[in-house]
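Trainee: Please take me through this model one question at a time. I would like each answer to end on the name or value I asked for.

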Amino acid sequence: MSPDRLLFLLPLVPLLAAVVAFVAPGWSRRAGLAAATAMPPLALWTAMGVLESGMLSLPLGGWTAPLGIALRADGLSAVMVLAVAVVGFFISLHAAASFPGAGVQTHRERFFWPLWLLLLAGLNALFVSGDVFNLYVCLEITGIAAVSLVATAGSPDAIRAALRYLFVSLSGSLFYLMGVAILYGGTGVLDLVLLVEVVAGDPPAIIACLLMTGGLMMKTALFPMHFWLPPAHSSAPAPVSAALSALVVKGGLYILLRLWFGPFADLVGDGAIQWIGGLGAAAIVWGSWQAIHQPRLKLVVAYSTVAQLGYLFLLFPIAWSAADRTAAFTGGVVLLLSHATAKAAVFLAAGNVLAAVGNDRVPSLCGLSRWLPVSAFAMGLAGVALIGLPPSAGFIGKWLLVVAALEQGQWWWVAVLLLGSVLAAVYIIRLLGPAFVMPDSDQPPNPVSRIAEWTAFALAALSVLLGFVAIWPARLLAASVGSGFSP
Amino acid sequence: MTGSTVDLFLLVGAALFALGAAGVFREVEALRRIIAVNVMGSGVFLVLVAIAARGEGPPDPVPHAMVLTGIVVAVCATAVALALADLSRRHGSSADDKADR
Amino acid sequence: MSSSAFVLLGILLSSFATGCAIFFLREGSHRLRTGLNLAGATVKILFVVALLRGVYQGVVYQISFTVAPGVTLALGADANSVFFVTLSSVLWFWTTLYAVGYLEGSPRRSRFFGFFSLCVTATVGIALAANLVTFLVFYELLTISTFPLVVHRGTRKALRAGRVYLAYTVGGGTVLLLAVAWLQSIAGPVAFTERGALGAVVDTHPVQLKILFFLFVAGLGVKSALVPLHGWLPRAMVAPAPVSALLHAVAVVKAGAFGIVRLVYDVYGVETAQQLGVLRPLAILAGVTIVYGSVRALVQDDLKKRLAYSTVSQVSYITLGAAVFGPLATLGGIVHLVHQGIMKITLFFAAGNYAETLGIHRVSEMDGVGRRMPWTTIAFTIGALGMIGVPPLAGFVSKLYIKQGAIAAGEAWVTLVLAVSSLLNAAYFLPILYRAWFLPPPEAWPAERETGRFETHWMLLLPPLFTALMVVLAGVFAESGLSPLAWARIIAGREYGP
């Protein structure tokens, strides 16, 4: 069977598992773990297919565009799907390990699995969608699943944060949908590849571009639309925080990349590109500054996400006029992967701290290296990736961006990238410093599951090891250059 | 349908969208914001329907399909929002109760 | 895998694998950990011996690995790398032995020795790096792996020192990253090449290259403790003695100085650097650092702090040697890389012994210590006299060549710097020696420990004696074919054109 035919399995497998988990709660954990285990091979298969043929596409039910829905995967999709599969796998393991043992099913776990699997299905569908309306539907599915997952924490803070997140998410999607409507009104086309040909620089297209960009900025929490992210990401349960920061916010970014470097490429001038980069730079400085001053571990990490998303927006101006666009894109994508793995690791480790100590105030981290050596190590390794120190993937990503920017003489982005690293070092050290203090007792107040510790470690190790194989995403991206779909 | 009617629908749709958006950002109370989001959604749907009706001959089915999908999504989202708002209200009142005692 | 790759990776992995394995050991498995440590160190030395033999027979060692578009990690063994890798692997062995003895019975040893091994991995990586990106990767890895060692004790003071250390080194690393990336955007990926790797770019971008040179110096100067970037070094003295020894003699400071040597000779090329006019300012910076460090050392009562400021001063001899144009000065600077290493490590080993055995931390407490611990004090004396430059010890040889080189290059002021520095060296070391040997010991030592048969634990005694012996041998047999000087002569010969 050719990998094209298998594209629909990517969303379908987690979706079916979600249905099973909802209908038969007793089976939910098993269904979740089974789907999580099946996803990495599927994603790998997709990636191999992309490497071989440049692009995969599957018209669902045999109906082709404009009537039917086409699933499509190129190098960028394959990288994202792989990230979802691998990070999703470890998050699932952590979730399974951190809920109470078999036989006891809490209210929280009852709802966690179906929603989490729905989220995975939505993300996978998003990354293989080939048209702008389909992307809207996927955005909504992931948004609603993500909001509900935040609410599973159950605390008043979490509910309030979830509600706020929901409003931002819904209005962001509607902005996007309005843009889709106008775009369709002007061109009669929804397909991303066909749109590239027909979008002209007329006012409706510009309005559509503005609306869609604005909506996606809200969903991606780009500064100054980031206000909803820290409360939502910090009050959710640990696996959910990890998934939100590592994967969900990347969905909006992915669509923005597709649009700006695809259909809107002719509308977007140098000015707009510099503007969105400027917002990214502001996000880096503001997010890092806030992260430095937060009293709680999870808030530090959440603000760090605001900052790290800023880096990904620097990709826009740096890749825009790069001589070697693939190299710059590789930098951005490697940075994205590094952040996905490292941030998931830190949030999972933070969950372990919370479970062990009962709170996550920064001073409570004293003694961490004695109580939870594996989690402390995971935070250290992930911290290395977040700062962007070699040999981590964070370093390779930043390096590629810095070199690309210097080659074009865009030194101001270099300054921002380097400043961001220094600020990141400050907030990471603030977390890790206390970890080296000797605690009074040898045992943490509450025991933590070993699997929960090692999943965080595995993700952190990945974020470093990826630095050695950054050539793989580069190959995937290069494989589909010129396929009409890829940036 | 004539061009001017379509334009009117487009304009009303855009106005509803803008009103709704303003509501989402300005209102504080959850219920009002939920209604505002729905107003926003209606605006988008109206625009889509108007786009379908443009031109000669039978209306374009694709925007209709989009509106139908959009309505389904909006219903789900509203349900989630109402549930969350309800939870939030209950949490809020229980906290207030404790404070009263 | 070819045998050349096998040897290079073997040198790296012998400590990396050891480190990773040690992290997973339980705290109690003392014997296994010690065994692993010493086995790793021994295996590394064997690999280095194989490398030396191969290089001597003319084998070209080179492996590379592309990690991302335009980013290639490459290891190789040119004359410079062989020199530095030999130094660090030999000294690592003795430092490990010393650390095992020093930390006996203290907590968190698995973590300590894990990072200790990573630290040496990073150092040999710096030595073997064949291009700038690889150098940068290992340079930063060194920062990461030394931080946990500096804060090892977990006290407030240690944490504060760790933060200062990181602030300096991360800042320096960022500047270095900028410099490397900028240079790459001008000249493409830079591989270390004898007599310079810049080629035609020198004529097209002279101004940018001048700015870049000082960016590089700023980035490397943090680790090599050039004034005014030296502030972290005295503070980092809160770390346990083996860490100080490692920081000062083998790893961090050395990595910075080695980086400057690489920069001058194998990135710019000494002739190009001279032509760009960047050597003179670097020499002046080094001269200022030498005098400043010595003056500050003079007024420290804390023994380790005095040694720390002495390091600030002594390491800059290497920079000075590199910055004075001419083969003689090059020879002196490069050979000081080894000579300073063995002398300073001896001093730190001895200082650690005083602290560990008798509880002596201050110079003023050292009265008569030579009678209680004669062997340690003999080692200390040899190290101190070597630092002053008393013939025929190692320090004399390096100073002699730098001085002759300076005269040959017409930089007479350098001889003045050397003379002042030697006087100051004498002024801060001789009083210690006087106290130790000629003043009567106190009634009771600050915190004396039971030590068994020898004056202190044998694992603490053996390393300083060995390194002190090396100080003597490197000086006395400087003219033999196996001495560091002979090797440095080969390097210096290659860096200058016919």
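Loops, helices and chain contacts

Trainee: Between which helices of chain A does the loop with Pro224(A) lie?

Mentor: Helices (H or I, at least four residues) and strands (E, at least two) are DSSP runs, numbered from the N terminus. On that numbering, Pro224(A) sits in the loop between α9 (203-220) and α10 (229-235) of chain A. This is a predicted model, in which local features need pLDDT of at least 70 and side-chain atom pairs count only at pLDDT 80 or more, while totals for chains, interfaces and linings use all residues. Residues are numbered from 1 along each chain as its sequence is written, and chains are lettered from A and ligands numbered from 1 in the order in which they are written. The helices asked for are α9 and α10.

Trainee: Is the peptide bond from Phe223(A) to Pro224(A) cis or trans?

Mentor: The omega angle is what to look at, and for the bond from Phe223(A) to Pro224(A) omega is near 5 degrees. That bond is cis.

Trainee: Which residue does a cis peptide bond join to Pro390(A)?

Mentor: Here omega is about 0 degrees. The cis bond joins Pro390(A) to Pro391(A).

Trainee: How do the axes of α5(A) and α11(A) lie, roughly parallel or roughly antiparallel?

Mentor: Two packed helices are described by the angle between their axes and the distance between the axes. Axes are lines fitted to C-alpha atoms, for helices over the stretch in contact, and angles run from 0 to 180 degrees between N-to-C directions. The axes of α5 (residues 107-127) and α11 (residues 238-260) of chain A come within 10 Å and cross at roughly 30 degrees. Angles under 35 degrees count as roughly parallel, over 145 as roughly antiparallel, 65 to 115 as roughly perpendicular and the rest as oblique, so α5(A) and α11(A) are roughly parallel.

Trainee: Which hand does the crossing of α5(A) and α11(A) have?

Mentor: A crossing is left-handed if the near helix is turned anticlockwise from the far one by less than a right angle, and right-handed if clockwise. The crossing of α5(A) and α11(A) is left-handed.

Trainee: Which residues of α11(A) meet α5(A)?

Mentor: Two residues are in contact if their C-beta atoms, placed from the backbone, lie within 7 Å. From α5(A) come Leu119(A), Leu123(A), Leu126(A) and Phe127(A). The residues in α11(A) that they meet are Ala243(A), Leu247(A), Gly251(A) and Tyr254(A).

Trainee: Which residue in β2(A) stands opposite Leu56(A)?

Mentor: Two strands pair if DSSP finds at least two bridges between them. β1 (residues 56-59) of chain A and β2(A) pair in the antiparallel sense over 4 bridges. The residue in β2(A) that stands opposite Leu56(A) is Ala73(A).

Trainee: Which residue points the same way from β2(A) as Ala70(A)?

Mentor: In a regular strand the side chains alternate between the two faces of the sheet. In β2 (residues 70-73) of chain A, Leu71(A) and Ala73(A) point the other way, and all of these residues are buried.

Trainee: Is Ala225(C) buried or exposed?

Mentor: A residue is buried if 20 or more other C-beta atoms lie within 10 Å of its own, exposed if 12 or fewer, and partly exposed in between; C-beta atoms are placed from the backbone. Ala225(C) lies in the loop between α8 (206-223) and α9 (232-235) of chain C, and has a positive phi of about 60 degrees although it is not a glycine. With 29 other C-beta atoms within 10 Å, Ala225(C) is buried.

Trainee: What is the phi of Arg195(C)?

Mentor: Arg195(C) is in the loop between α6 and α7 (201-204) of chain C. This residue is partly exposed, with 15 other C-beta atoms within 10 Å. Although Arg195(C) is not a glycine, its phi is positive, at about 70 degrees.

Trainee: Which element gives the most to the side of chain C that touches chain A?

Mentor: The contact joins 27 residues of chain C with 30 residues of chain A. On the chain C side, β1 (62-68), α5 (132-150) and α6 (156-187) each supply at least two residues. With 13 residues, the most comes from α6(C).

Trainee: How far apart are the closest C-alpha atoms of chain B and chain C?

Mentor: Among the 2 pairs of chains that touch, chains A and C have the most contacts. No contact joins chain B and chain C, whose closest C-alpha atoms are separated by 40 Å.
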